[in-house]
Amino acid sequence: MQPKVHRGQVNAKGSRFAVVVSRWNDFLTSKLAEGAVSALESHGAEEADVEVFMVPGAFELPLTSLKLANSGNFDAVIALGVVIRGETPHFDYVAGEAAKGIAQAGMTTGVPVIFGVVTTDTLEQAINRCGGKAGNKGHEAAVSAIEVVNLHRGIENRGKESNDKALHNVV
Ligand code: INI
């Protein structure tokens, strides 16, 4: 048996994205934001369809993401932040609540809310993931957002002609 395999196309044209950026560790989160915006642009998003919202820290990402997801103005929300264990005794609370809340924002709204929060033990590990040796997690988060938006669109429009534009049948 070889069942059909579905994947969302990585094509951002015609979709609207909110990028929520935590200012804590802003020399790194700005790199995540640049990575996300350039990924959206290079995959076809229009400037008017991408908006960036700043929050003080990663702990504030969930509620702002929830409001944006609920607004009806965006097809996906991309939440970006950096939480470094070495810097804070309450790492587990900040990182844990950010992860839980971001997941909840997606689950309660049905709008993809993408987890683009870098959580590391050291500053060096964080630098590596924010445009350094280990890539740019903001860029990866944006590509995930585009793919999931199209996967969901394809599922919702099953049988309709527009399905072809959203879904890429891998097999
Ligand atoms: N916020 C972060 O995004 N990253 C951190 O590493 C961090 N540290 O180290 O504490 C952090 N704290 C602030 C937190 O997110 C809230 O903004 C603050 O507690 C106000 O609610």
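## Stop one: S42

S42 sits at 55% relative accessibility, so S42 counts as exposed (exposed is over 50% relative accessible area, buried is under 20%, partly exposed is in between, with a 1.4 Å probe and protein chains only). Before you go on, keep in mind that this is a predicted model, where local features need pLDDT of at least 70, side-chain atom pairs count only at pLDDT 80 or more, and totals for chains, interfaces and linings use all residues. Residues are numbered from 1 along each chain as its sequence is written, and side-chain values use heavy atoms, with hydrogens and water left out.

Color by secondary structure and you'll find S42 in helix α1 (residues 26-42); helices (H or I, at least four residues) and strands (E, at least two) are DSSP runs, numbered from the N terminus. Now show the side chain: a polar atom of the S42 side chain lies 3.2 Å from the backbone oxygen of A39. That is a polar contact, meaning a pair of N or O atoms within 3.5 Å; within protein, one must be able to donate a hydrogen and the other to accept it, and residues adjacent in sequence count only if both atoms are side-chain atoms.

## Stop two: the ligand

Select the ligand and its shell. Which of the 13 residues around the ligand come nearest? They are W24, A58, F59, E60 and V82, where near means that a heavy atom of the residue lies within 4 Å.

- The W24 side chain has an N or O atom 3.2 Å from an oxygen atom of the ligand.
- F59 brings a backbone N or O atom to 3.0 Å from an oxygen atom of the ligand.
- V82 places a backbone N or O atom 2.8 Å from a nitrogen atom of the ligand.

Taken alone, the ligand exposes 470 Å², and the protein buries 80% of that (Shrake-Rupley areas with a 1.4 Å probe; for residues, only the protein chains shown count as cover). Strand β4 (residues 76-84) gives the most to this shell, with three residues. By type, the shell has seven nonpolar residues, five polar and one charged. Here Ala, Val, Leu, Ile, Met, Phe, Trp, Tyr, Cys and Pro count as nonpolar, Asp, Glu, Lys and Arg as charged, and the others, Gly among them, as polar.

## Stop three: helix α2

Select residues 61-70, helix α2, and highlight its buried residues: L61, P62, S65, L68 and A69. They cover an arc of only 130° around the axis (taken from the directions from the helix axis to the C-beta atoms), which puts them on the same side of α2. That buried set packs against β2 (17-22), β3 (50-55), β4, α3 (91-109) and β5 (113-120), with contact meaning heavy atoms within 4.5 Å. After α2 comes G72, with a positive phi near 80°.

Leaving out residues up to four places away in sequence, A126 touches L28, V82, I84, V118 and T120.

Finish at N136, in strand β7 (residues 135-136), which is buried at 17% relative accessibility. A polar atom of the N136 side chain lies 2.8 Å from the backbone nitrogen of G138.
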